[in-house]
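Dear colleague,

Please find below the structure that I am handing over to you, with its sequence. My findings follow directly after it.

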Amino acid sequence: MWLVLCDDSDASARWVYDGLRERSVPVEFVPASVLSAAVRWIHRVGSDGAFVEVFLADGRCIDSRDVHGTLNRIVSMWPSPEYLATPDRDYALQELLALYLSLLHCLPPPVLNRPSPQGLSGHMRYTPDWLVLASRAGFATAPYVVSSSEDEPRCRNDEQTLHRPPSAHHEVVVAAGRVFGSSVTPQVAAAACRLSDLAGADLLGLRLATTADGAARFEAADLYPDLRSAGPDLLDHLAGLLKTKART
Amino acid sequence: MILLCGIPSEPPLAMVRRRLEEGGSECVVLNQREVADADLEICVVAGRVTGRLTMRGQAYALEHIDGVYLRLMDDRFLPEVRKEAADSPVRAHSRRVHETLLAWTEIASARVVNRPSAMGSNASKPYQAQLIRDSGFDIPETLITNDPDLVAEFRQRWGRLIYKSMSGVRSIIRVLDDDAAAKLDAIRWCPVQFQRYVEGTDVRVHTVGTQVFATSISSDAPDYRYAERDTGRAANLAPLDLPDDIAERCTALAADLGLAVSGIDLRRTPGGRYVCFEVNPCPVFSYYETGTGQEISAAIAAFLSGV
């Protein structure tokens, strides 16, 4: 079984689910509202490892031991309505966050993206962190300044940026080692994959700019890219990944 | 230059500061209580990180800071902030200073104790338990559920159980006695973490880089931190020599979690096994140093100074 976990309004995740079904991948779609309304939770962690069984209100049971891969785009969760208006609300939220992190961590690979304490669907990073990683991956980056005395970050060298505006913006999606979306050079694709590795994000959206001199400049990264922009090739890639995993 | 961030009178920060000053290191303290007078700017150009910290009219280049010790309290609860309106400029400025500080300490080339992202694993104890198990330590058998019948089965299988929060909030350990077991229906609304009670002697291990300071704790309380309150008798602390393999496992675990300094909670069973409960990424080592004389603050100061 494959899982698609996502927020209720995540049209990209729904698109992947439909595409995988068309490709005969056994997949379950579990939006956050359904997961958070589960009627029974069993999560065991011990010397033999960890697993989770979640019994959903619609009768389905998600058992991590039967899962072969997950598209994980969970952003948030809600506590039981019992707690919504009580002083225990914040405590219940923290407890559920801790539970979700643990149970997502025990799902067998591949999980795109693996959870992190900095985000249930991957490590959310500050912009300066992304810029440093992007440079290490081989991308050019615009100078960047963030100050506690200002409301908004700015480019330090505004003049330089204004004199060399990008000729084009494009967005690509890196998924499990392959680049989808806008056509990019092999060098840019390699840099995008390196950035995905450095960030520990198997699924990563990148906004790039092509400068007047033809260089690719990193602009922003997104752990929740619109996957539809990657087209059917992404679905074929994911389906292949899942079927390969199911055979191993 | 070493930057110390937090409340200057807080024991761990004060002890490290004293050690640094005794060793002749130049220290700068970012006092959270004076956050209104602080500003921080980060510049990233082609992957190189520079910037400036300004406090009380004096500016410090971030690239001249060699070590950072983070002992931050939640800035929302600072006395200077907590009574401010949600949209107050004081609150907004405090938040921006702290956010900018956290962003910088993630990527600073300085030695940071500890980087914010590395401190995250403790926010989910069952998640961290999986990482601890991966490092080769035994961990206690754990059940998280909202099903009272399963808890009863778990109790029947393992005998004495404890329950505690999964997150870092209200992190107090309680024994599941008959009174608590009679209230298990309440867990249906929110899953709760139960663990097999592990018999033995508590051991707190502080790691500082590759150095290990182990403390044995004798107490009758299920959570020795609250021993005096719960049993009327304070816990008794004593230095302990760990077996080499356990000491190495501790430093390897801290390294795997990205922690330059850690407080690892172990229990040595009557059979000599070491079971690991959790890793504290921001340990209040002062309690143990005061109780045993172990020079943990000196080791942290030396680490920050690169000695």
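In this predicted model, the contact between the two chains takes 43 residues from chain A and 45 residues from chain B. On the side of chain A that touches chain B, the elements that give two or more residues are strand S3 (40–46), helix H3 (89–105), H4 and strand S9 (144–147) of chain A. Of these, H3(A) gives the most, with ten residues. Sorted by class, the residues on this side of chain A comprise 22 nonpolar, 14 polar and seven charged.

Two parts of the contact may be described in more detail. Helix H4 (residues 127–137) of chain A and helix H2 (residues 89–107) of chain B have axes that come within 8 Å and cross at roughly 20°. As angles under 35 degrees count as roughly parallel, H4(A) and H2(B) are therefore roughly parallel to each other. The crossing in which H4(A) passes H2(B) is right-handed. From H4(A), the residues that make this contact are Pro128(A), Asp129(A) and Val132(A), and from H2(B) they are Ala103(B), Glu106(B) and Ile107(B). By class, four nonpolar and two charged residues are present in the contact of H4(A) with H2(B), and no polar ones.

S9(A) pairs with strand S3 (residues 38–45) of chain B in the antiparallel sense, over four bridges. Within this pairing, Val145(A) has Cys43(B) of S3(B) as its bridge partner.

Turning to chain A itself, the chain is divided into domain 1 (2–122) and domain 2 (127–222). Four residues of domain 1 of chain A are in contact with five residues of domain 2 of chain A. The side of domain 1 that touches domain 2 in chain A has two nonpolar, two polar and no charged residues.

- Pro109(A) and Pro110(A) are joined by a cis peptide bond, with omega about 0°. Pro110(A) lies in the loop between H3 and strand S7 (111–112) of chain A.
- Leu112(A) and Asn113(A) are likewise joined by a cis peptide bond, with omega about 0°. Asn113(A) is found in the loop between S7 and H4 of chain A.
- Ala176(A) has a phi near 45°, which is a positive value in a residue other than glycine. The loop that holds Ala176(A) runs between strand S10 (168–175) and strand S11 (178–181) of chain A.

With kind regards

Note on methods:
Residues numbered from 1 in each chain as written. Chains lettered and ligands numbered in written order. Predicted model: local features only at pLDDT ≥ 70, side-chain atom pairs only at ≥ 80, totals over all residues. Axes fitted to C-alpha atoms, helices over the stretch in contact; angles between N-to-C directions. Parallel < 35°, antiparallel > 145°, perpendicular 65-115°, else oblique. Left-handed = near helix turned anticlockwise from the far one by under 90°. Contact = placed C-beta atoms within 7 Å. Nonpolar A, V, L, I, M, F, W, Y, C, P; charged D, E, K, R; others polar. Pairing = 2+ DSSP bridges. Domains from an automatic or database assignment.
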